[in-house]
Amino acid sequence: MTNLTYDDAVRDFDPVFGIEVHVELNTKTKMFCGCLNEFGGEPNTHVCPVCLGLPGSMPVTNGKAVESAIRLGLALGCQIRESSRFARKNYFYPDLAKDYQISQYDEPTCFEGSLDVVLDDGEVVTIAIERAHIEEDAGKNTHVGGTGGIQGAEYSLVDYNRGGVPLVEIVTKPIEGMGARTAEVARAYVATIRDIVRGLGISDGRMEQGSLRADVNLSLRPKAPDAAAQSAVPFGKRSETKNVNSLRAIERAVQYEAARQAELLLAGQPVVQETRHWHEDTSSTTPGRSKEQAEDYRYFPEPDLLPVEPSRAWVEELRGTIPEHPAKLRARLREEWGFSELEMRDVVAADALVLLGDTVAAGAAPQAARKWWLGELARTANEREVTLQDLPVTASDIAELQGLVDAGTINDKLARQALEGVLAGEGSPAAVVEARGLVVVSDDSALEAAVDEALAAQPDVLDKIREGKVQAAGAIVGAVMKATRGQADAGRVREIILARAGVQE
Amino acid sequence: MSSLERADVARLATLARIDMTDDDLDRLSGQLNAIVDAVATLATLDTHDVPATSHPIPMANVERDDVIEPSLTPAQALAAAPQAEDDRFRVPQILGEEA
Amino acid sequence: MTDWIRATAAHMADALAAGEVTSVSLTQAHLDRIAAVDGDVHAFLHVNADGALETAAAVDADRAAGVSLPRLAGVPIGIKDVLVTQGLPTTAGSRILEGWIPPYDATVTRKVREARMPILGKTNMDEFAMGSSTEHSAYGPTHNPWDLDRIPGGSGGGSAAALAAFEAPLTIGSDTGGSIRQPASVTGTVGVKPTYGGVSRYGAIALASSLDQLGPCGRTVLDAALLHEVMGGHDPHDATSLRSPVPGAVAAALEGASGDLSGVTLGVIKELGGEGYQDGVKQRFEEALDAARAAGATVVEVECPSFVYALAAYYLILPAEASSNLAKFDGVRFGLRVERETIERTMAATRAQGFGDEVKRRVILGTYALSAGYYDAYYGSAQKVRTLIQRDFAAAFEKATVLVSPTVPSTPFKLGERIDDPLAMYLNDVATIPANLAGIPGMSIPAGLAPEDNLPVGFQLLAPAHEDARLYRVGGALESLLNASWGGQLAGLAPELATSAGEAAR
């Protein structure tokens, strides 16, 4: 733990950071074999000689994964290499079935890109991307005995279901000049990557499930009087923090590391170049086990695979499938929908941008869509502790629901009841309205009967109205709504009351 | 090309995860140095403008469709496991960390 | 009464089709032969008696029922233990895989099963195919049927010896630097390394991925051709496998059998001859060239200057790729485990115990060649030498139909003679290695016995990539011519092996 704060650290030092993001692709099958690529699943049920690393097995490249990687590279503004070879990264570890990982080394398929990241206050920063390369994931070790972590474990159990799942690793260049906003920028960068991979449809991008992972590098250097002088100051020693499992954790890990390193430097102690682990429970990092020798991965081109050589024509074709940059999309929709900046921020914070967009596309007015998703549905999602996306209701359901309200078939109150039904799995809004009989009653004879009944119970109302206290009609409207369980057309009820009173409005 | 000291061979053996006794290291160093000397003839060749051949028969873009193929059952996968538990491969304590 | 074990596979196939013999009796005859002689020869690591007879019986039943069968159905075969066979032990000649039963078949194994050929068993080999004498097998060496005190060649000594001892009419081998061709040469049999990618490597335990190829072994060129056509073809599980059609090996072999070599130019590779080559080897090689000329061939000399670097390049590329390919043998998922307190120690102890000396040597050498700071000088340089070798071959093939040389500089040496001198052992491969570096196909056929020791000499033919059929045509012709001069197949001249009553070798 440190006594210094992040603010102290960035006041006295200039932070430089880098992020490595691993994106798990959502292809049907693994990177180099036809086993199912699916989260969860009983241990070792999605394995074959290839991903188990059995003697004699050979990898074959998943073309869909290559296509997804190229699309991701294009969305990141990268150049796409004309010829790239896979390479073996050789090291021994129980979750690495072949004791080498097939990755890319000096020939990443995507390189030299840049990504605009929009911060909460609207400021845009540009992050330079070094490379995005294709590789395979390792299996999973479960440690038994001790605290369940690797230290003090008695033994470990290995499941290779995840082994061979396609990954794209995105590496930024060292990012300088973000100063006090470094932590915020780091978080926003990963959030943008997440939006992009979801928008491309190539990954679930869920950090809590491990389909999006981030390692954060940070170093500090002494502050210089101006930007030009600052660029000339050499980078300090950096730490790499792993196990950062949420966007919030990214921001906090940067803050912690900056404070920790600043404290060391101010005390005249060196910062050790090392790998550290983020601990969510203590909001701190601890050093990883120090290695006696630096690992020598002995990279060489993978002899069992042939080079990836995407034609320029195909790359351009793929470029046409890249959706709008999330920030640009956000700006365009805000204007189209006429939302305020604050309203838009709420939508984005609730991760509801796509849902709203789809709801509007299905015919609802933007404000109505916002009202539903950020109101009733957000409340429900919170209660159930799920995301909006997980709720059993679709954008077109909401559009349909709003459409029924707009047509006067139901009112807001009834609409909420109908929504309950949809969430309960009773069917589409129209089906629920019909089945539950939630239709607004606008049949005059039924309404007149209900009004007369209510008036009979409150006879003085008509006199009050005739005296000019038109608002007295409200009591009758309320009584009628209650009697009809909210299904009366309130406006028509009011008209009938006034007509009974012989008053025009 | 440099000659291999015993310490170099020991380091390489660790990298390759093969235990070696002192006798092994001594014997191996001698043999390896003889081989390394023999392959030193490559140093006399000027190949700076010669491209490397990693695949003898040039091909590219060999890929498969994203289509599911049958997997092994856990029983098949674990049949040869030196030690297994709960349908997973059991290994002794892991000291090092994932790269 | 036909002594079936001495027949050719082609003859067996014809006889089976004609109903002159059953597969069961053919298979049993070979199993009996194995039981009789393999105690001395030790070509087999595992004999699959029940499985082979089961396949044979099924083939016989189908044939009787009029079911249409593949050409080699019912002809028994031995498979080098480098190939994964589901349900049958597969060791790659190593203790680290002792008792391992693979849960899947190699593609070539599947093709053999689809061809309905009874699998007699798995043949012996140098551990992980590293060697030229089969003396590095963890299960003891194989002995050359021509002289049991001598090596049968390596790494595929078992596959070649099984042929020479008449324990099998056909076997499958693998060739990374000559491991099919060199044993063929020293046992007086025929062995072919196809164009790289011509036969699927899926299920072949990898040594050097960019050099390995599986290939057919037989006592005649036609037999090898028949097996080549069973083995070859594109495999979606092997990304490096060729999409081009399987070479027309059989047609070429039949065409060549006439012995007519008019229009054919043989290019003698200058660098693969001369000093270091045994006198008797050179003499038989020249005699073969004379026979070729008499049959209408032109003989020219070609120079391939980069070949002097081939051995060095090979002994950098192979160990480098092998060091990575053999990392998976770590005691975690299969094979031997020597348990220690941590997985790191377990891996190191397992590999120390499970790997033999030659394997350890090459793994360490390969680790060195790839290590930080050395890549460019070692592995990187060696890959450039491959380009030079390919260029030399390309230039040479402008002048000749096939290139030729003695397959091995010497006849088979005695067991134990070179085991303590790795470099002397490596020299066995000097003529065969260039073809693997370039990826082109090569064949060794018997060229007679060296007069000084009466031991087999081999004649090597090389063809351009994809032109495997040329080997069968020219090789077939030369074989006809040479057989005529010997009065029959060379293999028939091997000394009789003492037979022992007793159980089949295990």
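A residue is called buried here if 20 or more other C-beta atoms lie within 10 Å of its own, exposed if 12 or fewer do, and partly exposed in between, with C-beta atoms placed from the backbone. The model is a predicted one, in which local features need pLDDT of at least 70 and side-chain atom pairs count only at pLDDT 80 or more, whereas totals for chains, interfaces and linings use all residues. Residues are numbered from 1 along each chain as its sequence is written, and chains are lettered from A and ligands numbered from 1 in the order in which they are written.

View 1. Strands (E, at least two residues) and helices (H or I, at least four) are DSSP runs, numbered from the N terminus. Six of the six residues of strand β6(C), residues 213-218, are buried, so the strand is largely enclosed by the rest of the structure. Both of its faces are covered, with C:Q213, C:G215 and C:C217 buried on one side and C:L214, C:P216 and C:G218 buried on the other. Two strands are taken to pair if DSSP finds at least two bridges between them. Strand β4(C), residues 170-175, pairs with β6(C) in the antiparallel sense over six bridges, and C:L170 has C:G218 as its bridge partner in β6(C). Strand β5(C), residues 190-193, is likewise antiparallel to β6(C), over two bridges, and the bridge partner of C:V190 in β6(C) is C:G218.

**View 2. Packing of helices α7 and α16 of chain C.** Helix α7(C), residues 221-231, and helix α16(C), residues 468-486, pack at an angle of about 155 degrees with their axes 9 Å apart; axes are lines fitted to C-alpha atoms, for helices over the stretch in contact, and angles run from 0 to 180 degrees between N-to-C directions. This makes α7(C) roughly antiparallel to α16(C), on a scale where angles under 35 degrees count as roughly parallel, over 145 as roughly antiparallel, 65 to 115 as roughly perpendicular and the rest as oblique. The contact is made by C:V221, C:L222 and C:A225 of α7(C) together with C:Y472, C:G475, C:G476 and C:E479 of α16(C), where two residues are in contact if their C-beta atoms, placed from the backbone, lie within 7 Å. By class, four of these residues are nonpolar, two polar and one charged; Ala, Val, Leu, Ile, Met, Phe, Trp, Tyr, Cys and Pro count as nonpolar, Asp, Glu, Lys and Arg as charged, and the others, Gly among them, as polar.

**View 3. The interface between chains B and C.** Here 44 residues of chain B are in contact with 58 residues of chain C. On the side of chain B that touches chain C, two or more residues come from each of α1 (6-15), α2 (22-39) and β3 (88-92) of chain B, and α2(B) gives the largest share, seven residues. That side of chain B divides into 32 nonpolar, nine polar and three charged residues. The axes of α2(B) and helix α10(C), residues 310-325, come within 8 Å and cross at roughly 130 degrees, which makes α2(B) oblique to α10(C). Their contact is made by B:I35, B:A38 and B:V39 of α2(B) and by C:A312, C:Y315 and C:L316 of α10(C), and by class it has six nonpolar, no polar and no charged residues.

**View 4. The interface between chains A and B.** In this interface, 43 residues of chain A are in contact with 34 residues of chain B. On the side of chain A that touches chain B, β2 (61-62), α2 (63-75) and β9 (155-159) of chain A each supply at least two residues, with the largest share, five residues, coming from β9(A). By class, this side of chain A has 22 nonpolar, 12 polar and nine charged residues. Four bridges join β9(A) to β3(B), and the two strands run antiparallel; A:Y155 stands opposite B:P92 in β3(B).

**View 5. An open sheet of chain A.** Three strands of chain A form an open sheet in the order β5-β4-β15, with antiparallel pairing. Strands β5 (100-103) and β15 (300-301) of chain A stand at the edges, each with a single partner strand, so one side of each is left without a neighbour in the sheet. Strand β4(A), residues 87-90, pairs with β5(A) in the antiparallel sense over four bridges, and A:N90 has A:Y100 as its bridge partner in β5(A).
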